[in-house]
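These are my notebook entries on a structure with its sequence. I record what I looked up, entry by entry.

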Amino acid sequence: MQSVQSNLISLRAVKKGERFIVRQIDDKDMRTQLLRFGLAEGSEAMCFERLPFGPVVVKHRRQEVAIGEELTKKIWVEVIAN
Amino acid sequence: MQTLIIESEPLSPSVEKTGKKKLVLVGNPNVGKSLFFNHFSGLYVDVSNFPGTTVEITEGNYKNFRVIDTPGIYGVSSFNDEERVARDEVLSADIVLNVIDATNLERDLFLTLQLIDMQFPMVVALNMMDALEEAGMEIDVERLSEILGVPIVKVTAIKKHGFDELEKALENATVGNADKTLLHELEPIVARLKQTLNPIADAVMILEGDETVAERHGIAPEDKREEIYVARRNRVNEIVSEVVREKSAMKVGAVISEKLGKWTINPISGIPILILALWLIYEVVGVMVAQRVVGHTEVELGNKLFEPFVKHLFATITPVEISVDVLNGEEVIETKSFAFPEGTSRDKAQFDEFKAFIEGKDVMQNFAFSQETLWGKIVTIFAGEFGAFTMTVTYLAFLLLPLVIGFYMFLAILEDCGYLPRLATMVDRLFTGIGLNGRAVIPIILGFGCVTMATVTTRLLQTSREKTIAASILNFAIPCSAQLAVITALLTKAGGFYTLVFFFIILSCLVAIGTIVDKILPGKSSALLIDLPPMRLPRASNVLKKTWIKTKSFMQEATPWFFIGALLISVMQVTGLLEGWVKLFEPITTHWLQLPAESARAFVMGMVRRDFGAAGLYELNLTPQQIVVSLTVITLFVPCIASLMVLIKERGIREAMTIWAGSWLFAFSVGGIVALII
């Protein structure tokens, strides 16, 4: 696993309704797939819904993407004030 | 740069072969691409499996084009089977029609830019213009067309707006403005390529690290994918910020769609919505189609009309005994046998008496062909109890067909309204424990309808590993609708407590099978990463077309296997193998499972059709404990012969036989343990 800056938290830990900037994605395949959905390192999104112990639904402009629990641990984000 | 111009190519191979140009429809999932395909191809389409895979490709004709519909993809690459299939169709295109969702430019333009970089002559159809309005947004289409360098046509496909303009635009398809830096990087690769249809497209794939395409040209793939993707993503973002404007607030329709979308994912509201959906499916497919329609078609048309007709043809020259049950509703009120030792044609008097007897009555005719001669055995194989011309035709046309139509129609509705990916998200957690992800919910739910159909649907899972796990769960532990009716009836006899015990046993087995297969198989299953399209009203034309295409393709695929299965079983019947098998299992049934000897027959018959197995049990007088044991065994027992055949085709003979043989072992082991405990 790559090193992570201290102000970053994993997507797993983001609360519902919080806005954040994606800073680091630790999985190459997922990085390319998310690039196609429009979510790149540096893009701003919002935690639209989160299921208990399950996937996190991220909303980015009009696009909603559901990300399974395993993958949310590999996405590092910086939460920004609303 | 001369070599980079595609139009200077001689006639492409596909044109030479058929005299028609290949028009390939490409787009992200859920952009309404099928409506475009429907418009261009009409009703007469071919569905085929792409060689070496189980991904479906639909093909039709429009003017002098062969129109190919491809699976929805987010980019041309090879992350999964669907992408690999789409990639090869795209690479062999003469013209590309790229369908994009106007409300989701940021996602869809990524694929568009990639196609432009690949330098295909193309047209962009900007679909869902009405939804764009609803969402309060506006796109500067002229500017977008100028930036991309390709014709763009505004379309609202559901309302059939814009198709005329699109048809005209296809004549003016152009190669767009590719990324200059990228084109420059492609030159050395293009120079090294073998003869190919679209050299630049192939070169883009190789530069983006596609191993298959690189191998075709005998060169090593590059590793520039991420770099290119980041650059492409940045260009998309720039374009979007230049051409898209927020005009007004979202309109009511868009707000409702967003709210509804949210409710379907959140468990508190999502579970009731799921229950409602399942209840609707149960009421329509389970009760209306399976009980009313099939009850009528199978018995009235199949058993009483079609089968006797075929059997009488054979009976004219075959020794036979026909026993007639006179019915009053469900009840048999009179039974009479007629023997024709030399066939019905040689014994006019007896046959006339027979005809007079059945005249005007509601009867069920049972034919027992004499099996003393080889001819008699052959007749039994084709027209006997499990005859290929009798039982199989009834089963396929009068039982399976209405059910399959019903299920595929619901699947199409749920798919079209955008519910399935949301359902997959909500239940994802339940599936990650057994080596699957939320996508597996679709084949598993379908399994309760027809395991054969569900096994075909495991194709939509992304990796072979997941397909194996889902196929195992389906064929081991899911009872199909053929059994459910009898299972329900028997459980009612056994009472509430034993019903709970039964559910607990089957659920534990389902989890155990998933967990075990997940542990045994090497590697890891993929986690959920799924795009959630907006919820919208399903469109009737789309639903009907999808139902028709899916049903047709399933029936085409499954029919030969049902016939082969019936032949196998009939041969086993006339050679005495079937009886031998029953005898073999009698001691296990009586001693190990503590069930009456006759239930061995019910189990073995379950190999043919699962409801045969279950129905056989209904006749026996079982205690509640015995009911639980026997239902456990038939539920876990081998899939029906048609499922087995489809399983062989989908998953290979080794995997299929492992599952099949494993089911015998598993069903009897678990059954025995249950018998010991309760």
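I began with the interface: 26 residues of chain A are in contact with 30 residues of chain B, where contact requires C-beta atoms, placed from the backbone, within 7 Å. H1(A) gives the most, with seven residues. By class I found twelve nonpolar, six polar and eight charged residues on that side. Here Ala, Val, Leu, Ile, Met, Phe, Trp, Tyr, Cys and Pro count as nonpolar, Asp, Glu, Lys and Arg as charged, and the others, Gly among them, as polar. Helices (H or I, at least four residues) and strands (E, at least two) are DSSP runs numbered from the N terminus.

I note that this is a predicted model, in which local features need pLDDT of at least 70 and side-chain atom pairs count only at pLDDT 80 or more, while totals for chains, interfaces and linings use all residues. Residues are numbered from 1 along each chain as its sequence is written, and chains are lettered from A and ligands numbered from 1 in the order in which they are written.

I then looked up strand pairing, which needs at least two bridges found by DSSP. S5(A) runs antiparallel to strand S14 (residues 529-532) of chain B, joined by four bridges. Ile67(A) has Leu529(B) as its bridge partner there. Within chain B, five bridges join the antiparallel strands S3 (residues 56-62) and S4 (residues 65-69). Glu59(B) is partnered with Ile68(B). These two strands of chain B form a hairpin with two residues between them, and Lys63(B) in the turn has a positive phi of about 45°.

Which other residues have positive phi? Phe53(A), near 60°, lies in the loop between strands S3 (44-50) and S4 (56-60) of chain A. Met128(B), near 65°, sits in the loop between strand S6 (121-127) and helix H5 (129-134) of chain B.

Are these two buried or exposed? I count 20 or more other C-beta atoms within 10 Å as buried, 12 or fewer as exposed, and anything in between as partly exposed, with C-beta atoms placed from the backbone. Phe53(A) is exposed because it has 10, whereas Met128(B) is buried because it has 24.

Lastly, I checked helix H4 (residues 105-117) of chain B. All 13 of its 13 residues are buried, so H4(B) is largely enclosed by the rest of the structure. Just after H4(B), Gln119(B) takes a positive phi of about 60°.

Conventions:
Contact = placed C-beta atoms within 7 Å.
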